[in-house]
Structures are given as structure tokens and as C-alpha cells.
Amino acid sequence: MALEPALATLNRRYGREVVRAGAPARLLGLSTGVGELDGITGCQGLPQGRISRLVGEPSSGAFDLGLVLAAEVSRSAPVALVDFTLGVFPGDIEAYGGDLDNCWLVRPRRPVEGWSAARTLAKAGVGMCILVAEDWSRITSGAAPAALLAALSEGVSAGLVLGGQLLPAALRERVCLELECRRLDWDLTHGDVCGLRMEARVTRSHLSAPGARCRLRLSFPRPYPIRAGLVGLAEEEVDEDEGLLRMAGSSR
Amino acid sequence: MTRAGARRLACLAFPHLALVLAWRAHPELRGEPVLLGGRGPGGGQVVMAASPPALALGVRAGQDWRRAELLCPLAARLPVDLGTLAELRRSARLALAGCSPLVEWTDDTTAYVDLSGSDPLGRQEGARAAQCGRALQEVLGVTLSVGVGQSRFVSWVAARVADPGRVRVVPQGRAAESLASWPVTELPIMGETAERLLRFGLRTCGDCAAITMADLQRQFGPEGILLHRLCRGLDLAEIDPGREPPPCGVRRSLAGGVEDSESLRFGAAELARGLAEELARQGRAAGRIRLTLRGEGGGRLGERAWWSEVAPSQPMATAEELMGPLLSLFGRLHPPIPITVVELEALDLVAPPASQIGMWQGRVADREVIQRAVNRLHDRFGKGLVWRVEVRPGHPGDVPEERLSWSSS
């Protein structure tokens with residue numbers, strides 16, 4: 001009975017929001033800009049404040065998908081790209097339509113610098129923090145992933161891990177969403193590879209049951225006027241029997 | 001999703017909202033003659049609405065108040081609270097907006113809902129119309145009638161002849177048959193034309209439908225064509241969802257039309273902020289949001305609309321919460337023609353979820369905050385850790401690497 005007056009006093013003294021009923025925290029998604037891809041993640045995009053991972057065989061399109069997502073996010077929010085490989089070419093982000101003015105590229109000389117920069121920028125509130133490496137076990141110290149996750153949570157940034165096939169347990173356990181990319185077919189224009197058609201499948205998720213998948217068409221940057229980017233392919237546009245994809249003519 | 005196939009419209013007919021409010025405040029006046037007044041355009045008091053017994057005595061909306069008093073001297077006379085009326089109207093429109101993206105609130109006694117196209121739940125049009133009626137009935141608390149037909153006039157007539165609380169569906173192609181006994185004096189034509197029709201012995205729509213359009217045009221001019229179409233259920237008047245802004249939503253007009261989807265997405269943040277402000281003003285959260293893109297035509301004949309909806313697992317109240325689903329909706333829609341109007345509506349309104357997320361949730365930082373973080377990193381690890389990349393202006397760009405200039409700021 002004394003609760004109501006006490007709450008009223010607190011609200012009056014410190015503001016209306018100071019005491020509120022508890023409820024599960026809502027996980028927000030950072031939209032990828034492609035409805036089909038957003039639809040399978042369980043939160044309408046990459047989970048903010050969590051670590052996601054894109055994985056796939058070489059030439060599966062996983063790395064380019066990461067660059068496309070970086071480009072998409074950079075158009076509306078700052079993006080930090082921590083490049084442990086020292087080999088990512090930021091011009092690709094621009095080629096995918098990204099805003100380089102919103103990109104902060106970290107090239108660490110030692111792993112500790114990279115993890116520290118990722119934490120600091122995530123805490124500062126970049127929209128997305130991408131980490132790229134080839135051999136994660138060599139650069140991952142025990143506490144680094146946990147500290148990164150805390151920083152992402154604090155800054156409500158979406159973390160994205162790219163590259164490498166095997167993750168050390170310390171990092172793997174903290175991945176909230178894992179999307180496996182598989183190349184279905186090359187997209188050819190006059191004999192030139194201008195993109196690929198791929199399938200993204202949820203293989204690990206803390207948000208929904210894994211197994212959801214979608215099909216995408218990724219157009220590579222080309223010197224001639226073809227719009228680079230990503231579009232989703234509707235299931236009905238896919239002819240499984242023929243082993244071919246019949247894509248509608250839409251492009252972004 | 002676009003409108004396709006045969007056009008099907010539902011007309012919902014209900015007592016004037018001012019009368020509904022009066023009945024709520026004075027239940028004893030149900031079935032009694034009631035006059036509801038307000039200020040007219042000239043400043044004098046006019047009748048805003050009247051109950052059916054008063055209407056039966058010749059009182060009409062818009063009539064001079066004194067004349068109405070003379071016609072119905074025993075009627076109860078009540079003022080209208082315009083603020084409460086506007087609130088009820090908004091709730092009613094919101095209920096209908098949850099049923100279809102194309103809703104026209106014609107006046108405070110009639111609304112039209114577009115039932116064309118397939119229903120995501122696979123329901124028949126009668127069931128969909130009934131659902132619209134139930135949604136509105138729950139808000140108003142009075143019984144209403146619903147008519148479904150191939151045109152605006154057919155559905156309006158069907159709603160008028162339907163029993164209270166019932167849906168009357170006029171099947172496709174049987175409009176002329178259903179209108180056959182409708183009197184010409186009740187047609188939306190000039191009174192002079194109706195009088196001439198009566199002098200010719202044409203008393204019903206069925207009588208007029210038997211005459212060719214050429215003959216009607218010869219006698220009545222352009223109104224003869226309208227008469228011919230009305231009597232055969234072929235009137236082309238579209239419903240106009242753009243008559244009023246969405247009940248809980250934002251609408252942005254794009255001058256000249258925008259064809260590039262990227263440009264459309266550019267305004268997503270502003271749309272999300274606008275809707276968040278509207279939700280905050282009403283103290284609600286959206287369980288579902290709908291994005292509608294309208295092509296050139298502005299809601300009249302020939303307009304095309306694309307819409308998509310999303311219902312995340314948790315209600316959305318802030319711009320940050322709306323932003324992700326909204327971008328996802330933009331990703332789904334690829335209209336092939338220039339877009340002139342973008343609408344974002346909040347549906348399934350609920351109380352904002354009680355959660356402490358607002359106490360700790362961060363926001364996307366601005367450039368200065370990030371620059372300060374970068375400066376701290378440079379202080380700690382030295383220059384050359386964090387880089388900014390710019391495209392060199394005016395460089396021809398033969399070698400991609402040479403197009404970029406790096407700076408460790």
C-alpha cells in the first residue's frame with residue numbers, strides 16, 4: 001500500500017522515468033537495407049549491442065556482403081573498420097555506395113591496439129564496428145571479446161566479425177548471430193562476372209531458431225555503369241528444379 | 001504489394017460522430033429528436049448533426065438553427081465539444097487504418113475502405129468488410145451497416161439498404177440489378193435533373209439504366225453520362241485516402257517525384273523522428289508500422305500505391321526503435337514509377353512497454369564524440385592507428401589506390 005506514494009515521491013523528485021516496471025530488454029536491429037536479409041535475423045537487422053559474424057568459403061560473398069553492410073550503415077551512421085589484416089581497401093566501401101566521410105579505418109600494428117580501438121569507438125557510439133582478421137586465434141586474447149561485447153552494449157553499436165574460418169572459443173561464445181554465406185551462381189554480363197547470387201543462412205542465433213535463410217544478389221563494383229549493391233531475391237523467383245535462378249529485373 | 005484485379009470498395013455508414021458523443025453523455029436521448037449545433041461558416045449557429053427522429057421531420061445538417069427549431073420544436077438541443085469530437089474521429093480513423101491502407105474518411109457519417117487485392121489472411125471480402133465494421137463499431141459503440149460493391153456509389157447504396165449491424169455484398173457484375181429499385185431522387189445529381197427524370201416517368205435507377213447513354217446525354221448533357229454510369233454501377237470515382245493525414249502517422253510530399261530508392265531512404269530518419277514525436281504526443285507505442293509509397297497522381301484515378309508492413313516482436317516508440325524496421329520496409333519496396341508521397345503509419349497502438357532500456361540505451365554518437373575517442377587512441381598508441389580516407393577531388397581515378405588520400409587525424 002505504501003508503494004504508490006513512495007513511487008509518486010520518487011517520480012516527483014527525480015523525474016517520471018526514474019522508476020519503471022522491469023521488462024526484458026528490447027534488442028534493436030540495425031537494418032541491412034535488404035528486407036529479405038533483415039527478415040531472417042530475428043531483430044530486423046544486425047543486433048545492436050551484440051556481435052554478429054559473416055562466414056563462408058572463399059568466394060562465397062561473405063566478405064563483400066560485410067563491405068556492403070558497412071557501406072549501407074555508413075550512409076546514416078559512423079562505421080569503424082578494424083582491419084587486423086591491413087589489407088582492406090576502403091575504396092570498395094565507397095564503390096558500394098558508402099560514405100567514406102563516415103568511416104574510421106583502424107590499422108593496428110599489434111592486436112591489443114585493434115581490440116582497444118574497437119572498444120573505444122564502440123563505446124563512443126559508432127553505428128557499426130567491423131573487425132576483419134584472417135587468423136582469429138592468433139590475435140584474440142582471453143578477455144578481449146568480452147570487453148568488446150560490453151563496449152558494444154554500452155554504445156549500442158552492432159559488432160560484425162569478418163574473415164577466418166575458425167574462431168577461438170572466447171569469441172565464438174559471444175557471437176549472437178552467425179550468418180553462413182554460400183555462393184549459388186555467378187552473375188555474368190557479356191561474359192564478365194559482375195556479381196554473384198548467394199544464400200545467407202542463420203547458423204547460430206541468440207534471437208531465434210537457426211535455419212532461416214534468404215537469397216541475395218550482390219553486384220560487384222565495376223568500371224562501367226552497373227549499380228553495385230545488394231538486393232534480396234524472393235523465393236518464388238527461384239527455380240530450384242532447373243538449378244538456375246531467374247531473377248526479376250529489379251535493381252537497387 | 002499493389003492494387004490489382006477488380007476494384008472492390010466497402011462503405012461504412014454510421015450515425016454522426018457528434019450524435020454518438022451525445023448519446024454517450026445522455027443515453028436517455030437515444031430514440032429522441034436531438035439537435036446538435038455549432039458555428040457555421042458565416043458565424044451563425046447551424047445544425048451540425050441531428051438524430052433520425054429529427055431528420056424525419058425535415059432537419060438537415062448545415063441548416064440554420066432557428067429553422068431547425070421551428071421544424072422540430074420538441075428536440076433536445078445540445079452543443080458539440082469539438083475537441084472530443086476530433087479525438088473520437090482520430091480513434092475511429094485509426095481503427096480503420098488497421099484494416100486497410102486505403103481508407104477515406106469522407107465525413108463524420110461515412111467512410112470507405114478499399115478491399116481490392118488479396119488479403120494476407122486469405123479472407124473473403126465479406127469477412128474483411130465485417131472486420132472493418134467490427135473495428136469501427138468497437139470504437140464508436142453503436143451499430144453500423146456496411147455495403148460492399150464494385151464502385152463508390154454501389155457500396156454506398158448497399159450500406160444504406162443493409163440492415164443495421166449487417167454487411168451487404170453486391171457481387172461483381174450485379175450492380176445494375178441491385179440498384180434497379182433505387183429512386184432517382186436519391187442519386188447524387190442536381191435536383192433539377194431529378195425533377196426532369198420524374199417528369200419523364202423515370203423513377204428508379206432501373207428505369208434510367210434501360211435508356212442508352214446517348215439518349216441520356218442528349219437530354220441532360222454531361223450529367224446524362226454520370227447518370228448512366230451511376231445507374232449501371234459504373235461510376236469511376238476513386239476513394240481518396242489522401243483527404244486527411246494518417247490518424248497516427250506522418251506524410252511527406254516529394255516535389256516532382258523521386259524515383260531513386262536511395263533518395264527515398266535518405267528521408268527515413270526524418271520520417272522515424274516524426275512518427276516518434278507523434279507517438280510520444282499520444283503516449284503510445286506502435287505494434288505495427290506501415291510504409292506506403294504513392295506514385296504520381298496524388299490519390300486520384302491512376303494513382304498507384306505500394307505498401308508494406310512490419311510487426312516486430314516488441315512495440316516501437318522511439319525513433320531508434322522505428323528506424324530498423326522502417327529501413328527494412330524501404331528495402332522491400334521497389335516502385336517502378338516516381339514517388340510523390342511517402343506515408344509512415346503507426347498501427348496496433350499500445351501503451352509504451354515498461355522497460356528500463358531508456359535509462360541506459362546509448363545513441364549513435366556524433367562526429368565530435370568519435371573524434372575525441374580517436375584522439376584518446378592516438379594519445380595512447382601514437383598516430384597512424386586510426387585513419388580517415390577521402391576521395392581526392394578531380395582525380396581521374398585510373399588507379400583506384402591513387403584516388404584516395406589517407407590521413408591519420
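Because the model is predicted, local features need pLDDT of at least 70 and side-chain atom pairs count only at pLDDT 80 or more, whereas totals for chains, interfaces and linings use all residues.

Let us start with chain B as a whole. Its secondary structure comes to 16 helices and 14 strands; these are DSSP runs numbered from the N terminus, with helices being H or I of at least four residues and strands E of at least two. Of its 409 residues, 40% count as buried. Here a residue is buried if 20 or more other C-beta atoms lie within 10 Å of its own, exposed if 12 or fewer, and partly exposed in between, with C-beta atoms placed from the backbone. Among contacts in chain B between residues at least 6 apart in sequence, 62% join residues at least 24 apart; two residues are in contact if their C-beta atoms, placed from the backbone, lie within 7 Å.

Strands count as paired if DSSP finds at least two bridges between them. Leu9(B) stands opposite Gly149(B) in β7(B). On β8(B), residues 167–169, there are 3 bridges to β7(B), and this pairing is parallel; Gly147(B) has Arg168(B) as its bridge partner there.

Next comes a helix pair. Two packed helices are described by the angle between their axes and the distance between the axes. Helix α1 (residues 17–25) of chain B packs against helix α4 (residues 82–97) of chain B at an angle of about 110 degrees, with the axes 10 Å apart. Axes are lines fitted to C-alpha atoms, for helices over the stretch in contact, and angles run from 0 to 180 degrees between N-to-C directions. That makes α1(B) roughly perpendicular to α4(B), a label given to angles of 65 to 115 degrees, while those under 35 count as roughly parallel, those over 145 as roughly antiparallel and the rest as oblique. On the α1(B) side, Leu17(B), Ala18(B), Val20(B) and Leu21(B) meet Thr84(B), Leu85(B), Leu88(B) and Arg89(B) of α4(B).

Further along chain B, 4 strands form an open, antiparallel sheet in the order β9-β12-β10-β11. At its edges stand β9 (249–258) and β11 (305–310), each with a single partner strand, so one side of each is left without a neighbour in the sheet. Neighbouring strands are turned by 15 degrees against each other on average, direction ignored. Strand β10 (residues 285–295) is joined to β11(B) by 6 bridges, and Leu293(B) has Trp306(B) as its bridge partner in β11(B). Helix α13 (residues 268–282) lies across β9, β10 and β12 (339–350) of chain B, running at about 155 degrees to β9(B).

Within β12(B) sits Asp348(B), which has a positive phi of about 50 degrees although it is not a glycine. Most residues other than glycine have a negative phi. Asp348(B) is partly exposed, with 15 other C-beta atoms within 10 Å.

Our last stop is helix α16 (residues 367–381) of chain B. Its buried residues are Ile370(B), Ala373(B), Val374(B) and Leu377(B). They cover an arc of only 100 degrees around the axis, which puts them on the same side of α16(B); the arc is that of the directions from the helix axis to the C-beta atoms. The face turned away carries the exposed residues Glu368(B), Arg372(B), Asn375(B) and Asp379(B). What covers the buried residues includes β5 (103–106) and α5 (111–124) of chain A together with β13 (386–391) of chain B. After α16(B) comes Gly382(B), whose phi is positive, near 90 degrees.

How values were computed:
Residues are numbered from 1 along each chain as its sequence is written. Chains are lettered from A and ligands numbered from 1 in the order in which they are written.
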